[in-house]
Amino acid sequence: MRGVAALIVIAFHYEGIFPVEVAGGYLAVDLFFMLSGFVLAAVYVPRFERGMGMRNFMISRARRLYPFYLFGLMLGLGARAWQDPGSALLALPLGLLGLPTPGDGPEYLYHLNSAYWSLFAEWVINVAFVLILWRLPAILLAIVAAAGAAGLVWAWQVTGTLDGGAHWADAWIGLARVQFGFAMGMLLHRAFVRYDLGRWRTHPGWLGLALPVLMLPCYWGPDLLVVMLVFPALVLVGAMMEPRKANMSLWLGEISYPLYCLHGPLQIPIRGIAVRTPWPELVGLVGYGGTLVFTIVLMQVAARALRGPRPIPATT
């Protein structure tokens, strides 16, 4: 589900140079937040109960998130430097620390890679998660989710959309989105455990594989309905129907984060070429595929680098 959502986000950001317009593709970020709340609750709450502290948790998250974050930041520096080298270099030091560049109004939180606003929101909620959220009883966690939902409703009333968070003017919308999504994901995990919903995993494996495809029409639905009702149902049902052995599903999950980090800077030259040709959608489609291939190759290189050199065989 996370991998398909990443592909949807890229298609949304390729608006105008992609054959299919995904009007609500930005809602995939809300699904990311909800999946994150579910998965982190499943993985880390037992570790917290065994004594894992904030330091080890944040180191673990940094190891997972920072390498491709850094690579995407450097790509963004290269893509933005030719447009405005001064502001690009000024944004770099804070960007290296994972922090947004101070600004106001329509300016991006992250000048070098505008999609990084959601990663900042994720880091903020991760701190709240390790310090407070995992300790809360269900009723208080539901109140946290309800407060986030109230923010979403207010955003909808003010702007008519939930597509906010990347700019300083709408940064508050991004915080409301991550608060609701992450807290709801945690609540869904508690329901999953309490009612032993994993027992439904005796179904045929193809049902779990089909679910991410069946969720595609959601991105053309009303924002509030999709985020507050459809996505929670999809996450819960997805956990109940997750295939036990599915290499393609694992691969899509692994590629989703690197793809999200890299697609923004790569889109800049692709769009620049596409709008100057008579076939912008064809160029965009090729660029979309090229972004996917580039990410796959980079993941393979990174995996080999992390494994290190092969040991020299012992000789006699």
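Me: In which helix is Leu35 found?

Reply: This is a predicted model, in which local features need pLDDT of at least 70 and side-chain atom pairs count only at pLDDT 80 or more, while totals for chains, interfaces and linings use all residues. Residues are numbered from 1 along each chain as its sequence is written, and side-chain values use heavy atoms, with hydrogens and water left out. Helices are DSSP runs (H or I, at least four residues) numbered from the N terminus, and on that numbering Leu35 is found in helix α2.

Me: Is Leu35 buried or exposed?

Reply: The classes rest on relative accessible area with a 1.4 Å probe and protein chains only, where buried means under 20%, exposed over 50% and partly exposed in between. Leu35 has a relative accessible area of 13%, so Leu35 is buried.

Me: Which residues does Leu35 touch, not counting residues up to four places away in sequence?

Reply: Contact here means heavy atoms within 4.5 Å. With residues up to four places away in sequence not counted, Leu35 touches Met1, Arg2 and Val235.

Me: What is the relative accessible area of Val235?

Reply: Val235 lies in helix α9, residues 223-240, and touches Met1, Leu31, Met34, Leu35, Phe38 and Leu188, not counting residues up to four places away in sequence. Val235 is buried, with a relative accessible area of 3%.

Me: How many Å separate the C-alpha atoms of Val235 and Met184?

Reply: Leu35 and Met184, which are 149 residues apart in sequence, have a C-alpha to C-alpha distance of 9.2 Å. Val235 and Met184 are 51 residues apart along the chain, and their C-alpha atoms are separated by 10.0 Å.

Me: At roughly what angle do the axes of α2 and α7 cross?

Reply: Axes are lines fitted to C-alpha atoms, for helices over the stretch in contact, and angles run from 0 to 180 degrees between N-to-C directions. The axes of helix α2 (residues 28-49) and helix α7 (residues 171-194) come within 7 Å and cross at roughly 45°. That makes α2 oblique to α7, given that angles under 35 degrees count as roughly parallel, over 145 as roughly antiparallel, 65 to 115 as roughly perpendicular and the rest as oblique. The angle asked for is therefore roughly 45°.

Me: How many nonpolar residues are in the contact of α2 with α7?

Reply: Among the residues that meet there are Phe33, Met34 and Phe38 in α2 and Phe180, Met184 and Leu188 in α7. Ala, Val, Leu, Ile, Met, Phe, Trp, Tyr, Cys and Pro count as nonpolar, Asp, Glu, Lys and Arg as charged, and the others, Gly among them, as polar. Beside 5 polar and 2 charged residues, the contact of α2 with α7 has 14 nonpolar.

Me: Which residues does Ser256 touch, not counting residues up to four places away in sequence?

Reply: Ser256 lies in helix α10, residues 247-274, and is buried, with a relative accessible area of 3%. Leaving out residues up to four places away in sequence, Ser256 touches Arg2, Gly3 and Ala6.

How values were computed
Helix = DSSP H or I, 4+ residues; strand = E, 2+ residues; numbered from the N terminus.
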